[in-house]
Amino acid sequence: MSWDLQVGELRTPYLTHTQIWQATHRFFYNGKTTTTYKYGFMKALLESLATASDDYTISFDAIFASFTRTYWNLVMHHGLRQSNSANARSAVEKTIEAFAQKHAIPSDWNFDAIAATKQLELIQLVKKVGKKYVVGATYSDFGGDIYAFNLKDETLTLHQEYYIFFQTHKRMLVNITNYQLALFLEKFNDAEKITRLLSKVEIVSQRQSLAQFAQLLYATGMHNCFYCGKSLHKSHVDHFIPWSYMQSDDLWNFVLACVSCNTKKSNKIAAERFLYALLERNDTLLHHEQYAPQFAHYSEQKLVDLYQYSQLNGFPDNWSPQLS
Ligand SMILES: [Zn+2]
C-alpha cells in the first residue's frame, strides 16, 4: 500500500474490536516517523468527528481547518519544529511560514488573530499538502480499514466501526495523540521551546475567545442562563457537551450561562432534562435562516448520541445548578 494513492476503498467490511485496537496501537507505537503529521492528522480527525454525516463522511475542509489551526499555533505561535531533521522543514511548516511572510503576519500571533478570509486561504494551501502526504499515508497506516477516501471529492468516509470506536474512546485517544505529538516535539526542539509542552499541545486547537458564539446566541433574544434561568447582562457561553470531549466548537452545542453555572459545571455533563431543553432550543434556531448554516452538520440524533458518548467517556454526569 502506498502513501500517494488518489482513492482508497475500505478493505474489510467487518472489523472486530481486537482488530481495531491492534491497528490503533500499531499506528501510535510502530513505524518510523519523520514528521508530526500522523499525530496532527489524528488530532484533526478526532476534532472533526462532530461534523460527520449520517454515513460517517467528513470533508477535508473540516479536517484541515482543525489541522491548520493546530499547525499554525505549533509552528508560529510556539515556534516548534515539526520534523526530525535539523536542516529540513516539513512541507506544512514551509507552507505556513511562507504564508506568514507573504502577508506580514507576526510570528507570535495565535491562529485566531488572523482575519477569517486569510484563515480560509491558508487552510486551502495546507489542505493541498495534506492531500499529498497525509491522507493516503494514514489510510495505509491502518491497512486500508480506517476510512475510504477520494482526493478529488475531498472527503473521507470512516468505517462505521472506527467511528463508534473513536467516539466511545475519544478522551483516551485524544490524550494518547497529544502525548505522542508532545513526545516527538520534545525530541526535536530546544529546551526553552518545550516548557509545559503537554499543556500547550492539549489546548493548541482551542479557540482564544468564544465571544462570537455568545453574541450569536444573545442576538436570538435568549437572555437567561440556560441552567438556572437567571437573567444575563453579559453573555457567557458554555459547551453543553464538554469541550474536553467534543474538542470542537459548534453553535448547536453552545448555551448561554451565568458565570456561576459556567464555572460550576466546568467539564461535567448536565442532567438529561437539559438535553431535552437543548434539543428544543436547537429546533427553534435551525428554522431561522440566519442560523441555518451553523446547523449544517446537526441532527437531533447526533446530539443525543454525543451526549451518550460523552457519558461513556467518564465525564461526571447528571449536573444541575443548586438553586438558592
Ligand atoms: Zn446560571
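## A buried phenylalanine

F67 has a relative accessible area of 0% and is therefore buried. The structure is a predicted model. Y71 is likewise classed as buried, at 1% relative accessibility.

F67 and Y71 lie 4 residues apart in helix α3 (residues 60–77), so about one helical turn separates them.

## Aromatic pairs

A pair of aromatic rings is described by the distance of the centres and the angle of the planes. Across the whole structure, 28 aromatic pairs are found. One of these joins F67 and Y71, whose ring centres are 4.5 Å apart with 40° between the planes, a tilted arrangement.

F67 and Y71 also belong to one aromatic cluster, together with Y37, F41, F60, F64, Y139, Y147 and F149.

## A stacked pair between separate elements

Both F240 and Y307 are buried. Their planes meet at 15° and their centres are 6.1 Å apart; the pair is stacked because planes under 30 degrees apart count as such.

F240 is located in the loop between β5 (237–239) and α11 (243–246), whereas Y307 belongs to helix α14 (residues 300–312). The pair therefore ties together parts of the chain that are 67 residues apart in sequence.

## Lysines over aromatic rings

Two contacts place a lysine over an aromatic ring. K38 is positioned over the face of F27, 4.7 Å from the ring centre. In the other contact, the charged end of K170 sits over the ring of Y245, at a distance of 4.9 Å from the centre of that ring.

Key:
Residues are numbered from 1 along each chain as its sequence is written. This is a predicted model: local features need pLDDT of at least 70, side-chain atom pairs count only at pLDDT 80 or more; totals for chains, interfaces and linings use all residues. Side-chain values use heavy atoms; hydrogens and water are left out. Rings of Phe, Tyr and Trp (its six-membered ring) pair if their centres lie within 6.5 Å; planes under 30 degrees apart count as stacked, over 60 as edge-to-face and the rest as tilted. Helices (H or I, at least four residues) and strands (E, at least two) are DSSP runs, numbered from the N terminus. Buried means under 20% relative accessible area, exposed over 50%, partly exposed in between (1.4 Å probe, protein chains only). A charge sits over a ring if NZ of Lys or CZ of Arg is within 6 Å of the ring centre and within 35 degrees of the ring normal.
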